[in-house]
Amino acid sequence: MSSCFGNTLKISIFGESHGAAVGGIADGFPAGEKFDEKEFLKMISRRRPGQKNTTPRVESDLPEILSGICNGKTTGTPVGIVIRNHNTHSGDYEALKNVPRPGHADYAALLRYGEAADRRGGGHFSGRLTAPIVALGAIARQILARRNIFIGAHLASVWNIDDRAFDAVNLERDTLLAPGEKEFPVCDDAAGILMQRAIETAAMEGDSLGGVVECGVIGFPAGIGSPMFDRIECGLGKAVFGIPAVRGVEFGNGFAAARLKGSTNNDAFCVAGGKIRTATNRHGGILGGISSGMPILLRAAFKPTPSIAKEQKSVDLKSMTETTLAVEGRHDPCVAIRAVPVVEAMTSLVLLDFLLTEKPDFLR
């Protein structure tokens, strides 16, 4: 099924943007894991709409845990979570019923599902579906953190403004997690101010901006993963590409490696603290699809929000004539801001699945 992923830890996401609720089921969390509700709600609040420079749609996003957690611990049975939708304005989309939004999934959904497709607010294609991903990922992130595996992310860039990148070799826990403690998730606050100004300007112009989220992982054991189609990159890539608006995923040097010579791109091996490491980390912690013990680094590129107030060209599907539209409603001027905890959540779920599948004793 297209809305499911995972091997030992199986994740299923359901709901629509303007439906009664969105939610998710995770089958495979180990039993007896402590559930920290405070940390759980803290991560969810980072994705919550209605914050500065995000969509004006305000939702409490308080999840209802229906199953799988009892007396503050996981039971080992499927965890079911529902997040109710309250502040929907479906009337904002009535004028778009026959006019697909450029850059959005409206037309593709019509081709795939016909008139049965729920296109209110984007339906099942909406970024609203990331809420249950963050909720389930928050549980996985706690399980990993208790094994000293830490996952954090920051807004690496917005438009043409760059944040300071994570240290690929000596990435420390405090540095990794610091952006997630801030109102605006960046390493360099000065860069964050410039980003916010650019986002505000784009919003006033009725436009939007794209961005890149960089995610780092430290403490992940070496030797996890497989070659070919079960590579760590394959698992992470599939899941991260499942986040709405993602248009590119790269690991380590990524596409920049294509502009280098082998002598420059290769990471020399060395011994540090009695362990084999690499002097640099252009491979992003993954070699041959298998974790090397170095920090895992990935970046996800998010396109500008396609729903914008600027007039755009489209077609009227009913009359088969060309027309224009300006999208009303409430939309993020830069979806990458709230995507930071989403990328963390997806990464947490995938890496926990790898451990449960290949090294279950590590979690005991």
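**Exercise 1.** In this predicted model, determine at what angle helix α6 and helix α8 pack and how far apart their axes are.

*Solution.* Step 1: locate the helices; α6 comprises residues 232–241 and α8 comprises residues 336–358. Step 2: consider the axes, which lie 9 Å apart at an angle of about 145°. Step 5: classify them; the contact of α6 with α8 has 8 nonpolar residues, 2 polar and no charged.

**Exercise 2.** Describe the crossing of helix α1 and helix α3, and state how the residues of their contact divide.

*Solution.* Step 1: the axes of α1 (residues 37–47) and α3 (residues 130–145) come within 9 Å and cross at roughly 145°. Step 2: the crossing is right-handed. Step 3: the contact includes Phe 40, Met 43 and Arg 47 of α1, together with Val 134, Ala 138 and Arg 141 of α3, among others. Step 4: its residues comprise 8 nonpolar, 2 polar and 4 charged.

**Exercise 3.** Give the strand order of the open sheet of 5 strands, and explain why one side of β1 and of β4 is left without a neighbour.

*Solution.* Step 1: the order reads β1-β2-β3-β7-β4, and the pairing is antiparallel. Step 2: β1 (4–5) and β4 (64–67) are at the edges and have a single partner strand each, so one side of each lacks a neighbour in the sheet. Step 3: β1 pairs with β2 (residues 10–15) over 2 bridges. Step 4: within β2, Ile 11 is the bridge partner of Phe 5.

Technical notes:
Residues are numbered from 1 along each chain as its sequence is written. This is a predicted model: local features need pLDDT of at least 70, side-chain atom pairs count only at pLDDT 80 or more; totals for chains, interfaces and linings use all residues. Side-chain values use heavy atoms; hydrogens and water are left out. Two strands pair if DSSP finds at least two bridges between them. Helices (H or I, at least four residues) and strands (E, at least two) are DSSP runs, numbered from the N terminus. Axes are lines fitted to C-alpha atoms, for helices over the stretch in contact, and angles run from 0 to 180 degrees between N-to-C directions. A crossing is left-handed if the near helix is turned anticlockwise from the far one by less than a right angle, and right-handed if clockwise. Contact means heavy atoms within 4.5 Å. Ala, Val, Leu, Ile, Met, Phe, Trp, Tyr, Cys and Pro count as nonpolar, Asp, Glu, Lys and Arg as charged, and the others, Gly among them, as polar.
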